[in-house]
Amino acid sequence: GAGGAALEVPAQPFGMSTHQTSYPFRILPFDGILGLAPSKSKGSVLHQLKAAKALDRNVLGVYLSEDTHRSGSMSFGGVEPARIAKHSPMHWHRIRSGSEWLPGAQDGF
């Protein structure tokens with residue numbers, strides 16, 4: 001969660017692969033995949049977190065770095081202040097649908 005707190009997701013549906021192809025999985029730098037479907041999908045971990053009231057706020061913070069030497073991150077229930085440059089504005093976007101990621105953002109140009 002936000003601030004590095006542990007999250008518990010009671011009764012979360014979970015799938016496990018017992019066999020996969022060596023390409024590309026052998027060369028990938030991770031050992032699992034977590035789906036992040038919006039919370040309207042009852043099998044979604046985000047739905048389970050919301051239902052369990054496990055988050056301080058129903059917010060998913062995403063940090064993407066342009067620097068290939070710095071990894072990105074996700075924060076459940078808030079944002080990581082250390083990832084925000086001083087005097088930089090925060091941009092909040094509601095999603096238009098509870099079943100897919102369509103941010104309600106408009107082009108600012």
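Where does His87 lie? I began with this residue, working in a predicted model, and I found that His87 lies in the segment after β2.

**Entry 1: backbone angles**

I looked up phi for His87 and read a positive value of about 65°, although this residue is not a glycine. I noted for comparison that most residues other than glycine have a negative phi, and that most peptide bonds are trans. I then checked the surface and found His87 at 84% relative accessibility, so it counts as exposed, the cut-off being over 50%.

Lys53 also has a positive phi, of about 50°, and is not a glycine either. I placed Lys53 in the loop between α1 and β1, and I wrote down that it counts as exposed because its relative accessibility is 72%, where the cut-off is over 50%.

Turning to peptide bonds, I found that the one from Tyr23 to Pro24 is cis, with omega near 10°, and that Pro24 belongs to the segment before α1.

**Entry 2: a buried serine**

Is Ser75 buried or exposed? I located Ser75 in strand β2, and its relative accessible area is 4%, so it is buried, the cut-off being under 20%.

**Entry 3: the nonpolar core**

Which residues make up the largest nonpolar core? I listed six, namely Leu36, Val45, Leu46, Leu49, Leu55 and Phe76. Helix α1 supplies the largest share of this core, with three residues. I set beside this the general remark that in soluble globular proteins, nonpolar side chains tend to be buried together.

**Entry 4: the pockets**

How much space lies in the largest pocket? I read a value of about 1,200 Å³, and I counted 32 lining residues, of which Val59, Leu60, Gly61, Trp92 and His93 lie nearest the centre. The elements that give two or more residues to this lining are α1 (45-51), β1 (60-63) and β2 (73-76), and β1 gives the most, with four residues.

For the second largest pocket I noted about 450 Å³ of space and a lining of 18 residues, with Gly15, Asp31, Gly32, Ile33 and Leu34 nearest its centre. That lining divides into nine nonpolar residues, eight polar ones and one charged.

Technical notes: Residues are numbered from 1 along each chain as its sequence is written. This is a predicted model: local features need pLDDT of at least 70, side-chain atom pairs count only at pLDDT 80 or more; totals for chains, interfaces and linings use all residues. Side-chain values use heavy atoms; hydrogens and water are left out. On a 1 Å grid over the protein atoms alone, a cavity is a set of points where a 1.4 Å probe fits but cannot get out, and a pocket is an open set with protein on both sides within 12 Å along at least five of seven lines; lining residues have an atom within 4 Å of a point. Grid points are joined across faces, edges and corners, and a volume is the space filled by probe spheres set on the points. Ala, Val, Leu, Ile, Met, Phe, Trp, Tyr, Cys and Pro count as nonpolar, Asp, Glu, Lys and Arg as charged, and the others, Gly among them, as polar. A nonpolar core is a set of buried Ala, Val, Leu, Ile, Met, Phe, Trp, Tyr and Cys residues joined through side-chain atoms within 4.5 Å. Buried means under 20% relative accessible area, exposed over 50%, partly exposed in between (1.4 Å probe, protein chains only).
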